[in-house]
Amino acid sequence: MEYFTQIKSSLGKQGVTLVAVSKTKTPEEILNVYNQGQRIFGENRVQELLEKQPLLPSDIQWHMIGHLQTNKVKYLAPFVDMIHAVDSLKLLRRIEREAANQQRCIDVLMQVKIATEASKFGFTPQELIVVGQELSSVSLSHVRICGVMGMASFVDDTDQVRSEFRMLKQIFDSLRTSHFTQTPQFNTISMGMSGDYKLAIEEGSTMVRIGSLIFGARG
Ligand SMILES: *Cc1c(COP(=O)(O)O)cnc(C)c1O
């Protein structure tokens, strides 16, 4: 917790948005950080988010940062602010439908596989090019595609981590040029966690997801 104020102010100066990742943490722990001014919190499991959300202040902006199954979108649609890990057009269409049902607009990011280690989720850069072309055929009036999200490999090799972040920034730039020039809200690169957020910011991150540095290690 002692780091919170420090991190918050340094990110603020750099114009980087902080998502405080509160998974496994209690409502009391979250409220403690809330009371220091934080409003954006991230969770990676639907059930856990649904349990905590009603217990906490209603002006919290909840970000779903973990993998999301299409059949669970309806539970989040009434309140979720941003969904970071959109990894299929099917999921994107479902978010559109459920947001429309709630007469809401939900912000989303496209998850990109940037880590070399086998990770299950996210579009490969190649897939994303195809998806970009298909996007124009999906009518989205209750979803705003705001950018991309990625997780670097969990390795000590900072050159590798840096090059993965750099790749995500390049993918963001090329998507923006090819499909989102008329879309000012396409402005977010969600990359960087407790262990690598400084590198991520050097490589162009606009949003970092930090858990253990703020809340302490998870048990
Ligand atoms: C847990 C998690 C984080 C935060 O991890 P820390 O290392 O605790 O900062 C960030 N992003 C995602 C997707 C996570 O699941």
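Visitor: How do the residues of the shell around the ligand divide into nonpolar, polar and charged?
Guide: In this grouping Ala, Val, Leu, Ile, Met, Phe, Trp, Tyr, Cys and Pro count as nonpolar, Asp, Glu, Lys and Arg as charged, and the others, Gly among them, as polar. Here the shell holds six nonpolar, four polar and three charged residues. This is a predicted model, in which local features need pLDDT of at least 70 and side-chain atom pairs count only at pLDDT 80 or more, while totals for chains, interfaces and linings use all residues. Residues are numbered from 1 along each chain as its sequence is written, and side-chain values use heavy atoms, with hydrogens and water left out.

Visitor: Which residues are the closest to the ligand?
Guide: A residue is near a molecule if one of its heavy atoms lies within 4 Å of it. Of the 13 residues that surround the ligand, the closest are K23, S194, G211, S212 and R218. A polar backbone atom of G211 is 2.8 Å from a ligand oxygen atom, and a backbone N or O atom of S212 also lies 2.8 Å from an oxygen atom of the ligand. In R218 it is an N or O atom of the side chain that is 2.8 Å from a ligand oxygen.

Visitor: How many disulfides are there?
Guide: A disulfide is a pair of cysteine sulfur atoms within 2.5 Å, and by this rule the count is zero. The sulfur of C105 has its closest cysteine sulfur in C146, 7.9 Å away, which is too far for a bond.

Visitor: Is C146 buried or exposed?
Guide: Buried means under 20% relative accessible area, exposed over 50%, and partly exposed in between (1.4 Å probe, protein chains only). C146 is buried because its relative accessible area is 3%, whereas C105, at 37% relative accessibility, counts as partly exposed.

Technical notes: A polar contact is a pair of N or O atoms within 3.5 Å; within protein, one must be able to donate a hydrogen and the other to accept it, and residues adjacent in sequence count only if both atoms are side-chain atoms.
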